[in-house]
Amino acid sequence: MALPKNLRNGFAPTEVEFLAESDMITIVPLHKMDALQLINGTYGPFRPPLKQEVPLWLAMTLKQKHKCQIQAPDWMDVDFLKTKLDEETANPEFSPMPFRFMEIAHLLLGCASDDIPQAETVRTLLKDLREARQSKARKGLQGLDPHYLQVDNMGLMEINEIRPFFSKAFNELRMLEPERTVGDSQTTASGMMSMS
Amino acid sequence: MSGDEYWDMDAILSEQQKIPCFFHSNVPGYGFLEGNHEVDLSANVKVELPYWLAAKIALDDYIDLEVPPCYSQRIRNDLNASPTSVNLNRLCAYYYRFGVKIINLIDDERLPQILTEAFRARLPLIMDYTQTSRLRTDRSEFIYSLDETERELYKLGHETVTEMTHWDRRKAVRIQTAEVLSRRTGRF
């Protein structure tokens, strides 16, 4: 309980972002460089026209020193996002997106927007997508049932965003149910599991 | 009080709510409960006792309980008709938590369902308010009508939304001028 209040409810957005920084991404190095020996692995050697897979944090560091170009992931593409957005608005359920799309997009658009084709359009599309998904989460709240909650295809950041509110609402709703016999208690227990 | 509520301040406060009840027999020396100057409390007179006391002596069969007025038929009808416009905070600050206790104490088949429905109907609106307004600047009627449980939810939701906007605007990583330096004293 010594944690500051804003960290008690789960992860802070910055922490979630930190987790996403270890995802791999493809870069095109601009300088010749020997292999980097780091604790979690060896990356390189970097030979300029050849692509390399490195963790996102390393890619961002190199990018800030103008030593590489980041290749945007496949899904950060205007056409792809447009179809996704159509899909998202047409269907009632969440459409599949990469688990960490919000964090990665946020990081890449922040430090490497010149490497992403049509970065501004991508940014607006992602924002629209996020709004569409947020309104779905809100709709899900109306159908909240005290036993379980299905959160298919939601990204980590989205889950983290609704977690404090939903889990509290969920627990309160469960409390409002009259106490049951022992045989029924298993369903409630598994309902808790899916949320925590 | 269940085990995990021992240190819970809200649980303690919710047990302070009064329940109307009737004693089966005369109680010597407890006339003050009725609010008059008689020494003894006579049987079958309506007195209001806090939940923590009433629950214990009701189990030992000294009193009969009545459903508290905030869960009366009239309020139930209101909750059914338009859950979002009932002022729960005025009825009872711990409406749901007290309700749960009442459900477990008094046999009432419809009350759990009514409370659940009301809670569920009010949730989306609470979430909407967390998305749009700043804490404490909102003068909306609805926010004032929330009971303590809902208020807690509103606060939680609001904190997450604020954090997300901060993250979105990169406030966490941006270096800012310290307040001391940005404040102009005029002397220097």
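**Exercise 1. Describe residues 13–71 of chain A by helix share, strand share and end-to-end distance.**

Solution. 
- Step 1: Start with secondary structure. Over residues 13–71 of chain A, 29% is helix and 32% is strand.
- Step 2: Take the ends. The end C-alpha atoms of this stretch lie 24 Å apart.
- Step 3: Check the record. An unreviewed UniProt entry annotates residues 13–71 of chain A as "domain: DNA replication complex GINS protein PSF2 N-terminal".

**Exercise 2. State how confident the predictor is in chain B and in the complex.**

Solution. 
- Step 1: Remember that this is a predicted model.
- Step 2: Read the chain average. Chain B has a mean pLDDT of 82, and 89% of its residues reach 70 or more.
- Step 3: Within chain B, confidence is lowest in helix α9 (residues 179–182), with a mean of 76. It is highest in helix α3 (residues 73–81) of chain B, at 90.
- Step 4: Turn to the complex. The predictor assigns an ipTM of 0.77 and a pTM of 0.78.

**Exercise 3. Work out how many residues each chain gives to the contact, and how much area is buried.**

Solution. 
- Step 1: Count residues. Chain A contributes 35 and chain B contributes 30.
- Step 2: Take the area. The two chains bury about 3100 Å² between them. Carbon and sulfur atoms account for 69% of that.
- Step 3: Name the leading residues. His106(A), Phe165(A) and Leu176(A) supply 24% of the area that chain A buries against chain B, more than any other three residues.

**Exercise 4. Identify the polar links across the interface, then the elements of chain A that touch chain B.**

Solution. 
- Step 1: Look for salt bridges. There is one between chain A and chain B. Its partners are Asp128(B) and Arg138(A), at 2.4 Å, N to O.
- Step 2: Count polar contacts. Three residue pairs qualify across the interface, both residues at pLDDT 80 or more.
- Step 3: List the elements. In chain A, α1 (13–20), α4 (101–111), α5 (119–142) and α6 (156–176) each give two or more residues to the side that touches chain B. The largest share, 13 residues, comes from α6(A).
- Step 4: Sort by class. This side of chain A has 17 nonpolar, eight polar and ten charged residues.

**Exercise 5. Explain why the salt bridge between Lys136(A) and Glu88(A) ties together parts that are apart in sequence.**

Solution. 
- Step 1: Side chains of opposite charge can pair when their charged atoms come close.
- Step 2: Get the total. Over all chains, the structure holds 16 salt bridges.
- Step 3: Check the distance. The side chains of Lys136(A) and Glu88(A) meet at 2.8 Å, N to O.
- Step 4: Lys136(A) sits in helix α5 of chain A and Glu88(A) in helix α3 (residues 78–90) of chain A, so the pair joins parts 48 residues apart in sequence.

Notes
Residues numbered from 1 in each chain as written. Chains lettered and ligands numbered in written order. Heavy atoms only, no water. pLDDT = per-residue confidence, 0-100. Helix = DSSP H or I, 4+ residues; strand = E, 2+ residues; numbered from the N terminus. Contact = heavy atoms within 4.5 Å. Buried area = accessible area lost by both parts, 1.4 Å probe. Salt bridge = Lys/Arg side-chain N within 4 Å of Asp/Glu carboxyl O. Polar contact = N/O pair within 3.5 Å; in protein donor to acceptor, adjacent residues only side chain to side chain. Nonpolar A, V, L, I, M, F, W, Y, C, P; charged D, E, K, R; others polar. UniProt positions renumbered as here; feature names shortened; annotations may be inferred.
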